[in-house]
Amino acid sequence: MKTRFDAGKAEADASLEAVEARLAVLARVNVALGLGRVPLQAARVMRAVDRAGLLGAGLRVVGTNAVYAYEAAAAVHLSSHLMATADLDLLFDARSRLRFSAQADLDERTLLAVLRQVDKSYRRLPRTFTAANDAGFMVDLIKPMRDPPWTRERETIGGADDLIAVEIEKLAWLESAPSFEAIAIDQRGLPLRIVAVDPRVFAIHKDWIAKDPARDPAKRQRDAGQARAVAEIVATRLLHLPFEAEALRMMPRELVEAAAPLFAAHKPPKLEW
């Protein structure tokens, strides 16, 4: 049995070494072709969250980094001014029962421990929904504000010392949206899995945020640009995702109708509710 085990292990190690060598070659090709898009800090965090078994199983990527999933699926690159960000937003679905992967090598079963596998300098900030590393990259844990607001539900993935999700108004629309998964390429040329929210819902939500007069004008401009760009991706590239009322019932009707012109090349689509 020992001899068979050693032989099998040696064969597996050799196979892994060959695959890693091939992957390194292809990664350099991806970089040379300009396909590496996802910033390294964000990519490393998403991989770690995925390895821990949390990505798509209680945590999804929202905000600017989600757009890399839509880009990858549509084989397009958006303008750099639409993609500039120094943080990663993770949407926490407190309704789900999160379970860490059995293979996750963690001293503590917390999101902060997952981040510290990527970079030991990650620490929780005074605003306890944010962790930052020494390079200034931030990871935010966010969740929907419930109605009524005093509804009690889970706020952390781990214990009291973990990140505590901040409640944000109207995120329940994203929480109820279908997931969208794609394989993107990071700046080193290596692949990673991104689990985001449905791009139709993303675009509608961004269009709504962009019209909030209380929001920072620079952010509103970027929100509007992302809404237009993702809507165009859906309308021209992701044709399996039609702009139909049935698929968008988690969103308020007036928001869907307001965003409808973004999804049409020539005229707004007709919605039947």
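**Aromatic rings**

Student: How many aromatic pairs does the structure hold?
Tutor: This is a predicted model: local features need pLDDT of at least 70, side-chain atom pairs count only at pLDDT 80 or more, and totals for chains, interfaces and linings use all residues. Residues are numbered from 1 along each chain as its sequence is written, and side-chain values use heavy atoms, with hydrogens and water left out. Rings of Phe, Tyr and Trp (its six-membered ring) pair if their centres lie within 6.5 Å. The number of aromatic pairs held by the structure is four.

Student: Are the rings of Trp 173 and Trp 208 stacked or edge-to-face?
Tutor: A pair of aromatic rings is described by the distance of the centres and the angle of the planes. Planes under 30 degrees apart count as stacked, over 60 as edge-to-face and the rest as tilted. Here the centres are 5.1 Å apart and the planes stand at 75°, so the pair of Trp 173 and Trp 208 is edge-to-face.

Student: How many residues apart are Trp 173 and Trp 208?
Tutor: Helices (H or I, at least four residues) and strands (E, at least two) are DSSP runs, numbered from the N terminus. Trp 173 sits in helix α6, and Trp 208 in helix α7 (residues 199-210). The pair links distant parts of the chain, with a separation of 35 residues.

Student: How many residues apart in sequence are the parts tied together by Phe 243 and Phe 263?
Tutor: These rings form a stacked pair, 4.2 Å centre to centre with 25° between the planes. Phe 243 lies in the loop between α8 (217-236) and α9 (253-259), and Phe 263 in the segment after α9, so the pair ties together parts whose separation in sequence is 20 residues.

**Strand β2**

Student: How many of the six residues of strand β2 are buried?
Tutor: In a regular strand the side chains alternate between the two faces of the sheet. In β2, Asp 87, Asp 89 and Leu 91 on one side are buried, as are Leu 88, Leu 90 and Phe 92 on the other. Strand β2 (residues 87-92) is therefore largely enclosed by the rest of the structure, and its buried residues number six of the six.

Student: What is the bridge partner of Leu 91 in β5?
Tutor: Two strands pair if DSSP finds at least two bridges between them. Strand β1 (residues 59-62) pairs with β2 in the antiparallel sense over four bridges, and there Arg 60 stands opposite Leu 91. Strand β5 (residues 138-144) pairs with β2 in the parallel sense over five bridges. In β5, the bridge partner of Leu 91 is Ile 142.

**A helix residue and a loop residue**

Student: Is Glu 175 buried or exposed?
Tutor: Glu 175 is in helix α6 (residues 172-175). Contact means heavy atoms within 4.5 Å, and Glu 175 touches residues including Arg 60, Leu 91 and Arg 146, leaving out those up to four places away in sequence. Its relative accessibility is 4%, so Glu 175 is buried.

Student: What is the phi of Ala 75?
Tutor: Ala 75 is in the loop between α3 (67-74) and α4 (80-83). At 64% relative accessibility, Ala 75 counts as exposed. Although Ala 75 is not a glycine, its phi is positive, about 60°.

How values were computed
Buried < 20%, exposed > 50% of the residue type's maximum accessible area, 1.4 Å probe, protein only.
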